[in-house]
Number of protein chains: 2
Amino acid sequence: MRTLNLHQLATFQVVAKHCSYVRAAEELHFSQPAVSAQIRQLEANLGVKLFDQIGRKTHLTRAGEELYLYGQKIFSVIDEMHETMESIRSPYYGRLSVGADTTVGSYVIPDLLGKFHQAYPNVEITMDVLNRVMLENALVSNRVDMAVMGNVPVDIPTVIEPFAPNELVLVAAPFHRLAGRIKIPFQELAREHFLLREPGSGTRAALETVFQEANLPLEISMQVGNNSAIKKGVAAGLGIALLSRVALDMELETNRLVILDVEGFPIVHQWRLVHLKEKNLSATARAFKTFLLQHADWRVRRKELKEV
Amino acid sequence: MRTLNLHQLATFQVVAKHCSYVRAAEELHFSQPAVSAQIRQLEANLGVKLFDQIGRKTHLTRAGEELYLYGQKIFSVIDEMHETMESIRSPYYGRLSVGADTTVGSYVIPDLLGKFHQAYPNVEITMDVLNRVMLENALVSNRVDMAVMGNVPVDIPTVIEPFAPNELVLVAAPFHRLAGRIKIPFQELAREHFLLREPGSGTRAALETVFQEANLPLEISMQVGNNSAIKKGVAAGLGIALLSRVALDMELETNRLVILDVEGFPIVHQWRLVHLKEKNLSATARAFKTFLLQHADWRVRRKELKEV
DNA sequence: TTGAAGCATAAAGAGTAATTATGAATCATG
DNA sequence: CATGATTCATAATTACTCTTTATGCTTCAA
């Protein structure tokens, strides 16, 4: 089945405009027979005569008049479509879907998204805070453009960019016996009770690793699936905890928690920006990636300055 | 400048629908590489990626989603356009512009247009009643599809169809001295005064011709540019006149005028349907032509029966 | 690890559309 | 009234585009 040919239609529009094959050929930079052939084929395709040749004047038929109007309609939709494609090519318009794991999604990304939004106000941003499994899932099923996380998936081909250091610090209540002491030997921790996240949490895994390497037993005071709850517990004196530095701004400022200066701490992990290697990043996504990598550093430095 | 290719867009729509090149190829009865090539070119033309290949699943990108919507819009306009063309191909829709000279346009065509309108109620009909010069002008400049007239233009290539006889009869007032007599010798007319149309009128020319051939002088009582005025004058006894039979229905019925039975009368001319040889008659115009030629005969016969 | 599924790539052939050159008809003009 | 300019049609050739077949690579389920 022979579908309408836009090339023919475009040619027709010009011929109809001038009511002349010759002048249409000039405007189109085609030869006159080429134009004639296009019109002949268009007439054959549509099954209607488009022009009347009266003497050496060319007139539109009724069908031609109607087709001319439809041509304008069609090309105006196409123009609109091209504009849309143009805006998609530009990073300043479009949609962006970012996934983040719990900590980074709660404490780091929101600020950056705010800044990005200021720079690219017409970009529609979606952020999903997900656990590691769901994140990996969202990545491979293409539901997010990219993800920010600590432990990147290893079994799928991805592009990984180091994004920001994740300092895991030991915190305690200000009245804790270790608070304020400096260069606390690691062994001292053996007597402490810990508040921990659920198994599978990256932070918990890190803590377990260092205790295993030091061959010390890890005393668990409480297991909680939520950073806020852990912070509350520590502040209440239920024990100490290993937490991401970025989650502690307010608690440190208001002196509800203090960082313990223990040998081997902070443990510095990396947050990473990840996306599928196969993924065609949109202009918007590329802009966001660049933006994130530039601003992350600065933000982390600012934190460190503040901390000193 | 490379314009959008509808073939590519149509292919894209199917691929987008299935999110699969293979299944699209099946539906389109193309090979899979052909489909791939189409999409590749479309992406190049638009400057955007349309699909993400994640593993062996194919996903639409943002640009692809947008394009899919535009594709639907574009093809719906095109469908509508095809429907319009279809209706133009049919004789039951369309426009029709007919020109007619004064007599036939006033007394013959209106009835036929009414009948045609009953048979083709969706056809937009325009009739222009024009003098001979204007009619010829309208024909060559393509402002009317066809014309009905007595003296057809000879210097332009036309298609001419005899349409109906135009009986030119001599009429007088019922109290005229010749009224009621039969087989009046032509010579008797020499004593009569005539009411005539302006020079250039076909009827006048016909009368002048027969007088010239008989070598008789033509006595002019009055020259009037209008058939109604002539009829009024004749009825008032100002003289006799040569008039088209079809213009006399009412006057004969109400006995305001009578036909004179003079040797050599009525003079029978032809009305003809004329259109440019080069003109592409629309389906509607062809239907009207057929209709007119069929119904004209019948109508004239009816007139004659009534007259007897 | 093997095979099926899905898409890409390359070479060859069929179909489409461009160009040049030329012809026929119209129409204004010296 | 014949000449030349204008306009579109036709024909042959060439260039280009698209399709197909054959094949390879990667993914993913069994």
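Helix α3(B) gives the most to the surface near DNA strand D, with five residues, where near describes a residue whose C-beta atom, placed from the backbone, lies within 6 Å of the strand. This is a predicted model, in which local features need pLDDT of at least 70 and side-chain atom pairs count only at pLDDT 80 or more, while totals for chains, interfaces and linings use all residues. Residues are numbered from 1 along each chain as its sequence is written, and chains are lettered from A and ligands numbered from 1 in the order in which they are written.

**Surface near DNA strand D**

- DNA strand D is surrounded by 21 residues, the closest being Val22(A), Pro33(A), Ser36(A), Ser31(B) and Gly55(B).
- At least two residues of this surface come from each of α2 and α3 (32–46) of chain A and α3 (32–46) of chain B; helices are DSSP runs (H or I, at least four residues) and strands are runs of E (at least two), numbered from the N terminus.
- The surface has eight nonpolar, 11 polar and two charged residues, with Ala, Val, Leu, Ile, Met, Phe, Trp, Tyr, Cys and Pro counted as nonpolar, Asp, Glu, Lys and Arg as charged, and the others, Gly among them, as polar.

**Contact between chains A and B**

- Chain A and chain B bring 38 residues each to their contact, two residues being in contact if their C-beta atoms, placed from the backbone, lie within 7 Å.
- On the side of chain B that touches chain A, two or more residues come from each of α1 (6–18), β1 (51–54), α4 (62–89) and β3 (94–100) of chain B.
- Helix α4(B) gives the most to that side of chain B, with 14 residues, and the residues of that side divide into 17 nonpolar, 12 polar and nine charged.

**Helices α1 and α2 of chain A**

- Helix α1 (residues 6–18) and helix α2 (residues 21–28) of chain A pack at an angle of about 130°, with their axes 8 Å apart.
- The two helices, α1(A) and α2(A), are therefore oblique to each other, a label for angles that are not under 35 degrees (roughly parallel), over 145 (roughly antiparallel) or 65 to 115 (roughly perpendicular).
- Thr11(A), Val14(A), Val15(A) and His18(A) in α1(A) meet Tyr21(A), Arg23(A), Ala24(A), Glu27(A) and Leu28(A) in α2(A), and by class this contact has five nonpolar, two polar and two charged residues.

**Arg23(A)**

- The C-alpha atoms of Arg23(A) and Ala229(A), 206 residues apart along the chain, are separated by 79 Å.

Note on methods. Axes are lines fitted to C-alpha atoms, for helices over the stretch in contact, and angles run from 0 to 180 degrees between N-to-C directions.
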